[in-house]
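Subject: Handing over the structure, with notes

Dear colleague,

I am passing the structure on to you, and I have written up what was found in it so that you can follow the notes with the sequence and the coordinates open.

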Amino acid sequence: MNQLPPECVALILKHLPAASLTVVLCCNRLLFESALPLLYSDPFAICAFANRPALFDVLLRSAKLSIEHFLHSYMSCQCKHPTCPATIALTKAMTPSPQAKPVKTTTARYMDALTSFDSQLWMSFAVKAMPPEYRKLAPKFFLEIMNTVMTRSSSRLSSLVLLPGFVVQTLPLAPHMVSLTKLRLAGVYDRMELARVIQFLKANKRCRIKDVNLPRVAPDKPDDDGHRHHHSHLVQQQHHHHYNQHSHGHSGHHYHQTHGGDGGDGHDHQNAVTTNDQFRTQQLQLILSLGQPESLEANACQDFSAVAHRIPCQNLSKLSTFKYVLGFMEGDGNLFLRRCRVLRELDFASFEKDVFAWAAEESRKALQEGALDQGDNIELVQLSQLKMAVSEWMVGRTLRSISQGFAHSLESLLFMVYDHAQLLNVLCSHTVTRIESAAVPDVTFKIDRAFQCPKLKKIRMIRATEAVQIGDGAFEGCPMLENLQLNGAATCAEGANNFGVWQIPELKYLEVGHGMAHKFRIETLAHSPLLESVSLRDCIPSELTLYEAPSYTVPWTWTMPHLNTLQISGRSAYEFRFEWIRQAPNLTTLVVDGVHSDALTPYTEDIAKGPCGALLTSCNFQIHGQCDFDRNCFATLLETYCPKVLRLRLLGRLYASSHWKSVDLGLALFATRNLMSLERLKLHGSTQSGKIAMQALRFGLIRGLVHGDKLFWRNPEELKELLIEALDGGEGCNVYRQKKCCVFSA
């Protein structure tokens, strides 16, 4: 290493993590000098959260900005006007002289780390750092910090967070931010602040902002009683003396004013409409001043749908990522999305319109002209990742357009359905009522062999309605599908009670949730040998008679070598048999909510094969049954199929009647007496034998059978420390900790 040039050593050390670099510091001087700049290039990455306030102070002192200097300069300056001599002297004191030595590389990188830090944490630091008697000066100190740091690093800034009231401080630095590519507009902006943001973007012509979000605006809107409220800045009123030159012309205070003449109705409504039009025009100017962004987020912009169709194609020519989840309620969503020709990732919501009709039409024309045979060279939008939210009346229509318009390129689909309750969370009640009154019956969308998406790797469908029908050969047209998550009220093919057998050879993650899991056929798992996680979660009714024991149990004869997590509940859990564990040798987590009492009878031929489940460390069994358990059979099942388990939950039905059998502490202590690795046990402890077992624990019982006056226990030296949580009727929990040499109640 000593024979290598320093440049080669630095190049090698760039690939080492921070922990390895700290070891390299102690080797020799060459490695020390090469590793030190790399180790401290991002000081926040190696600093504990509790030590960050001290690091803040150190870095600020390196920028020649300390709390003591700030307080001394402020106390000597009684005038708060920015043009007073004392303030000018303070600004000069913060600015290094031209004859000063250049800043070291490490310090320059410190400044880069400071500029990318969150503004809220900076504000919190300013409040904590100020003495209690000067806490009111914390906002001013915060602005001084940001102004100083940005002045030092303006040419190296790649990302910037702008707050209302701070834009005017940033305007002189805009021409120097040549490296700026990511801009975040946080807070609520009024017309004057929006104008300053537009001015900032126009002054920053030397750089190209690729990633930006549109801000939330606060127009003056009349209330129902005819009053108009003025929306002030997010920055508190005590900040206003720091930038009072842009206080809306109303001295920066809230006020209520009733407009006379028409009782606050006619003119007030007309002025509100005019104000909204002005804000929308200003928002459009802001979008146009961004140039050609590659990523645009409009989630905070309430009126984006009203101006989206007015954005020229030139400004959307490079837009590849777009997010707007408030619901496209105004304007023409088809026209806007049709102009985004290079769109790759879309996070969108539309509750009353099919906004992908244009894509389906383009695909049909391309298919008629034979252009689809040319693959990716055709002039179609190559959308690869789509997150879509729709109302429950637009499910079938939207899915049909998506499958027709983007089947050639779609790789990931997240489809969320909003019912009445979810719509009220994102829309006002009047809009929801209007959508529901104008809703027309949905069309049926079938997922069968005709559903062809050759590049699709992930499907997640939340709260699917009856408009979705899963038929024969479902998902066979998605040969690359790896992740499948479904829940809701999707129906089966005509005349069928259960879904067919799905053949998805590349599937690795499967989750079928409430409303659909009881229709799933367990034989499907045999056609997905690469599965790593399976979750079949269905609702458990209050009356167990609704889920009777299955008339037959599918024998699990196939091996799943990659399966490590299995979670099943409801009707699917009633088919569970402990013999399944042998077919998944790498299983580590098993959750069965609804183990039927028939499954607790050991299968003799499989028991004779010996223990299995060597990697199974976490088990959760909710046992539903009315028959008494055979203690010895239950112990045999645990010792055979989960001998190395670390965490075990054995619970019955909570709040069940007295004739329901429950796994109490006495049974659990006996059944787990040979599980040497057990560290945590959770169960019921409210029955008579459980109470006897609790009493025995207090007198030194380690683990064993408690029945009447007979006590059987194991040698404590053979067992690990065990934490027992005994539920008391579902309302409380008694915690006990068994140690090797003593037992006590925690």
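This is a predicted model: local features need pLDDT of at least 70, side-chain atom pairs count only at pLDDT 80 or more; totals for chains, interfaces and linings use all residues.

Helix packing

Salt bridges

Side chains of opposite charge can pair when their charged atoms come close. A search of the whole structure finds 14 salt bridges, and I describe some of them here. One joins the side chains of R196 and E193, with a distance of 3.5 Å from N to O. R196 and E193 both belong to helix 11 (residues 191-203), where they are three residues apart, about one turn of the helix, and both R196 and E193 are buried.

Another salt bridge brings together the side chains of E330 and R280, at 3.3 Å from N to O. This pair links distant parts of the chain, 50 residues apart, since E330 sits in the loop between strand 9 (321-324) and helix 14 (333-339), while R280 sits in helix 12 (residues 266-289). E330 counts as partly exposed because its relative accessibility is 34%.

D606 lies in helix 20 (residues 604-607) and R582 in the loop between helix 19 (571-574) and strand 21 (589-596), so the pair ties together parts that are 24 residues apart in sequence. Both D606 and R582 are buried.

Aromatic pairs

The count of aromatic pairs comes to 22. In one of them, the ring centres of F356 and F406 are 5.5 Å apart and the ring planes stand at 85°, so the pair is edge-to-face. F356 is in the loop between strand 10 (345-349) and helix 15 (357-369), and F406 is in the loop between helix 16 (395-405) and strand 12 (412-418), so that the pair links distant parts of the chain, 50 residues apart. Both F356 and F406 are buried.

F475 and W502 form an edge-to-face pair as well, with 5.3 Å from centre to centre and 75° between the planes. Both F475 and W502 are buried. Ring pairs also link W556, W558, F576, F578, W580, F621 and Y641 into a cluster.

A residue in strand 20

Finally, I looked at L566, which has its place in strand 20 (residues 565-569). L566 counts as buried because its relative accessibility is 5%. Leaving aside residues up to four places away in sequence, L566 touches V534, W556, L587, T589, L590 and V591. L566 and L536 are 30 residues apart in sequence, and their C-alpha atoms are 8.3 Å apart in space.

How values were computed:
Residues are numbered from 1 along each chain as its sequence is written. Side-chain values use heavy atoms; hydrogens and water are left out. Helices (H or I, at least four residues) and strands (E, at least two) are DSSP runs, numbered from the N terminus. Buried means under 20% relative accessible area, exposed over 50%, partly exposed in between (1.4 Å probe, protein chains only). Contact means heavy atoms within 4.5 Å. A salt bridge is a side-chain nitrogen of Lys or Arg within 4 Å of a carboxyl oxygen of Asp or Glu. Rings of Phe, Tyr and Trp (its six-membered ring) pair if their centres lie within 6.5 Å; planes under 30 degrees apart count as stacked, over 60 as edge-to-face and the rest as tilted.
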